[in-house]
Amino acid sequence: MHTMFPTIPQDSPEYLGRLVISYSRVYTVVRTRQSYGRPELFIATPEGQDERPYGQWVPAHAIAEPYRTIIHWHPNTEFREDQSSCEALYQSVLQANEVRAQEQAKADQERRERESRCEAFWKEHTPEWAKGYLVAELREDESDIMTDYFAHSVTRRVLLGFSKSDRNNFREMRKLAATFGPTKKLATEGQENRENYTGGSGYYLSGPYRRSGWTIRKESLKYGLPRGSQAVLDFDHWLETASR
């Protein structure tokens, strides 16, 4: 059930057409509305991160005075974009969102199909004796020092091999790291990480930078074969080494 918000008059001189800066990108207030008695603003830009029009609702009180926080009013506080330009930009954002929705639907369908294929692969090729498997993961640092945000994403996962044990064993990780070109250095130079605590990444072998580059870890098969996104790996390396 969607909550309907009464709309602040479109020609509201207080907000409509004002410029907002967020992470150095300039936005324009193109819509206003009331949310539980407090004003919300739809700020939009003709070129977002995907180079298409982008916009979002933000609480008016979250926008600071110029240069106070990461989202703040433009220093030219007297400027107002005309109403027709605001409307045109708002409509362009809606159109871009339609395209994004279509692209996301297609990507979701492709993801489900790939997950299904990978789940079938696990069922066909996992040895009966296997209790775990080792995987090489390529990490990409997504940290933002300016906002004290530290994180990474995994951009590639490669199956290195299966194990007769689900216990972590760094010697085993180093042995299989040596079989895969991008991780060969980890066989001799890899750092052993034991982050077995809340918020940690568990046991894994890594290079000097834990949030970027290749890492090696073991996953348990105690609770069954991988499903969904966890089932998606690059199997080519394992197929090649297993056939030797």
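Guide: The secondary structure of the chain comes to 4 helices and 10 strands, where helices (H or I, at least four residues) and strands (E, at least two) are DSSP runs numbered from the N terminus. This is a predicted model, in which local features need pLDDT of at least 70 and side-chain atom pairs count only at pLDDT 80 or more, while totals for chains, interfaces and linings use all residues. Residues are numbered from 1 along each chain as its sequence is written, and side-chain values use heavy atoms, with hydrogens and water left out.

Read from the N terminus, the elements follow the order β-β-β-β-β-α-β-β-α-α-β-β-β-α. The C-alpha trace spans about 70 × 35 × 30 Å along its principal axes, and of the 244 residues in the chain, 39% are buried (under 20% relative accessible area, with a 1.4 Å probe and protein chains only).

The part to look at closely is an open sheet, in which 5 strands are arranged in the order β4-β3-β2-β1-β5 with antiparallel pairing; two strands count as paired if DSSP finds at least two bridges between them. Because β4 (54-59) and β5 (71-73) stand at the edges and have a single partner strand each, one side of each is left without a neighbour in the sheet. On average, neighbouring strands of this sheet are turned by 35 degrees against each other, direction ignored. Within the sheet, strand β1 (residues 19-22) and strand β2 (residues 25-35) run antiparallel and are joined by 4 bridges, and here Val20 stands opposite Tyr27 in β2. Helix α1 (residues 83-125) packs on the sheet and touches β2, β3 (38-45) and β4 (contact means heavy atoms within 4.5 Å). The direction of helix α1 makes about 90 degrees with that of β2, the axes being lines fitted to C-alpha atoms, for helices over the stretch in contact, and the angles running from 0 to 180 degrees between N-to-C directions.

Strand β9 (residues 202-206) has 4 of its 5 residues buried, so it is largely enclosed by the rest of the structure. A hairpin through 6 residues then joins β9 to β10, and in β10 the bridge partner of Leu205 is Ile216.

Conventions:
Buried means under 20% relative accessible area, exposed over 50%, partly exposed in between (1.4 Å probe, protein chains only).
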